[in-house]
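Please open the structure in a viewer and keep the selection tool at hand.

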Amino acid sequence: MRAIHIVKTPLSSSFIRPILLDFVSCSPLRQFSIPRRLICAATKANGGGRSGSIVAPLVVNEDFQKIDVNPPKGTRDFPPEDMRLRNWLFNHFKEVSRLFGYEEVDFPVLETEALFIRKAGEEIRDQLYCFEDRGNRRVALRPELTPSLARLVIQKGKSVSLPLKWFAVGQCWRYERMTRGRRREHYQWNMDIIGVPEVTAEAELISSIVTFFKRIGITASDVGFKVSSRKVLQELLKKYGVPEDLFGRVCIIIDKIEKIPIDEIKKELGFTGISDDAIEQLLQVLSVKSLDDLEDILGGAGEAIADLKQLFSLAEKFGYSEWIQFDASVVRGLAYYTGIVFEGFDRKGKLRAICGGGRYDRLLSTYGGDDIPACGFGFGDAVIVELLKEKDLLPELGQEVENIVCALDKDLQGAAATVATTLRDKGQTVDLVLESKPLKWVFKRAARVNARRLVLVGKTEWEDGSVSVKVLSSGEQFQVKLNDLE
């Protein structure tokens with residue numbers, strides 16, 4: 001606890017004394033020091049410096065505790081070099097979405113808590129950043145975008161024509177254990193199709209992700225997609241006599257197969273009430289990696305097999321067969337998925353899932369709306385950056401400015417501002433040197449920001465209505481009238 005040291009304060013300082021006593025006596029505040037500038041300001045306000053008033057300034061302990069300059073655990077700052085990478089990545093997200101004919105939407109980062117916990121038993125329930133606002137309403141920072149999308153679709157109702165093809169790039173928050181590529185705050189790219197019941201929708205969504213990977217230099221030898229269907233698990237549970245109401249809990253446990261030891265999986269499944277024999281048979285089937293082998297077990301008449309066969313057929317037509325493989329253990333952890341599910345993975349196994357999605361035909365009724373066929377995916381920004389680092393594919397993104405404008409005389413700063421404004425009005429980027437600097441400094445600055453040319457405003461040239469232009473790549477230099485400057 002820091003003390004406040006007061007020196008030579010006469011009794012006449014009635015303005016200051018109550019403030020100091022409040023600070024000293026109020027226990028929650030006693031750990032703080034009073035800034036000298038506040039004391040000085042108060043002293044002047046009380047007539048400081050006049051005869052008969054305070055005769056000496058207050059001396060205050062200014063040993064302030066420094067603030068932690070790191071962002072909260074699990075979050076990030078984005079200095080310019082990181083912001084350039086983020087913009088590069090987001091631009092690819094948006095350009096791919098545009099190529100596929102999707103429209104951009106967004107939602108509040110802050111939503112009602114009920115939007116995310118309506119589905120009881122979801123793992124996400126324990127990962128919310130949630131609190132009560134000043135209106136006594138339970139709210140939460142969104143952990144994902146799909147529930148917000150569902151809310152907006154219900155809100156729009158019949159005012160929109162189906163099918164909807166929407167995308168979003170938004171910030172999400174989850175309080176969870178951090179690993180490589182997993183943060184408590186991240187950005188997520190979502191693409192969703194509302195109103196199409198056919199598997200063609202899932203096939204196009206996977207195609208859009210493959211298109212994105214190709215644009216940034218990722219190949220099918222780097223990344224693959226594990227594909228299955230929630231209907232596979234439904235048929236298995238029915239086959240082994242497992243109650244239907246356990247479906248959601250079993251999905252969450254199965255989703256952990258590659259994350260925790262198999263003995264832990266068996267233990268958690270046992271806690272649901274499933275018999276040991278059923279657990280062994282279930283895990284044996286979920287280890288199947290061939291669609292033909294699954295068909296031998298389930299038969300070919302079920303919806304799960306039919307949907308998966310159609311998806312693999314469409315993959316050939318879209319041209320990404322080499323990217324996808326069947327894996328019966330893929331179920332995705334969120335309870336609202338109902339059909340095809342898929343997950344992008346690093347083939348070397350060094351990273352967690354890169355992206356994932358699937359069909360969620362019954363999500364809207366959870367919120368009181370009419371069910372509409374729907375599917376979509378989420379793609380986080382953190383894992384893909386780790387993969388690009390792993391593959392040495394991160395782009396070199398330096399700052400780029402078209403023009404450096406510099407006045408050669410302090411009296412010409414206003415003229416340089418006019419030149420900068422003229423170029424900016426023509427759509428060119430300009431870094432205006434705002435103070436008198438030697439030319440050596442200006443050239444170093446131009447190199448640092450990768451400027452294309454240097455525009456110098458000299459006295460003689462400006463009197464003639466001209467400026468000097470130096471093309472930095474070639475060294476060519478010439479004079480040009482301000483009105484002709486392009």
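Select tyrosine 187 to begin: this residue of the predicted model is buried, with a relative accessible area of 14%. Buried denotes under 20% relative accessible area, exposed over 50%, and partly exposed the range in between, computed with a 1.4 Å probe on protein chains only. Residue numbers count from 1 along each chain as its sequence is written, and side-chain values rest on heavy atoms, with hydrogens and water left out. In this predicted model, local features need pLDDT of at least 70 and side-chain atom pairs count only at pLDDT 80 or more, whereas totals for chains, interfaces and linings use all residues.

Rings of Phe, Tyr and Trp (its six-membered ring) pair if their centres lie within 6.5 Å; planes under 30 degrees apart count as stacked, over 60 as edge-to-face and the rest as tilted. The structure holds 19 aromatic pairs. Phenylalanine 90 and tyrosine 187 form a tilted one, at 5.4 Å centre to centre and 55 degrees between the planes. Because phenylalanine 90 belongs to helix H3 (residues 80–99) and tyrosine 187 to strand S6 (residues 185–194), the pair ties together parts that are 97 residues apart in sequence. Helices (H or I, at least four residues) and strands (E, at least two) are DSSP runs, numbered from the N terminus.

Which charged end sits over the ring of tyrosine 187? It is that of arginine 86, 4.5 Å from the ring centre. A charge sits over a ring if NZ of Lys or CZ of Arg is within 6 Å of the ring centre and within 35 degrees of the ring normal. For another such arrangement, select lysine 226, whose charged end sits over the ring of phenylalanine 345, 5.0 Å from its centre.

Next, select the aromatic cluster that includes Phe90, Tyr187, Trp189, Phe212, Phe213 and Trp323. Within this selection, phenylalanine 213 and tryptophan 323 are both buried. Their ring centres are 6.0 Å apart and their planes at 5 degrees, so the pair is stacked. Phenylalanine 213 lies in helix H6 (residues 200–215) and tryptophan 323 in the loop between helix H12 (303–318) and strand S8 (324–326), 110 residues apart.

Keep phenylalanine 213 selected and display its surroundings. Leaving aside neighbours within four places in sequence, its contacts (heavy atoms within 4.5 Å) include Ile218, Val223, Phe225 and Ile384. Phenylalanine 213 is also among the residues that touch the most other members of the largest nonpolar core, which has 79 residues. Such a core is a set of buried Ala, Val, Leu, Ile, Met, Phe, Trp, Tyr and Cys residues joined through side-chain atoms within 4.5 Å. A second, separate core of 28 residues includes Phe116, Ala150, Trp166 and Val341.

Finally, select strand S15 (residues 466–471), in which six of six residues are buried. Ser466, Ser468 and Lys470 lie on one side and Val467, Val469 and Val471 on the other. Two strands pair if DSSP finds at least two bridges between them. Four bridges join S15 to the antiparallel strand S14 (residues 453–457), with leucine 456 and serine 468 as bridge partners. Five bridges join S15 to S16 (residues 477–481), also antiparallel; here valine 469 is partnered by phenylalanine 478. S15 and S16 form a hairpin with five residues between them, and glycine 475 in the turn has a positive phi of about 85 degrees.
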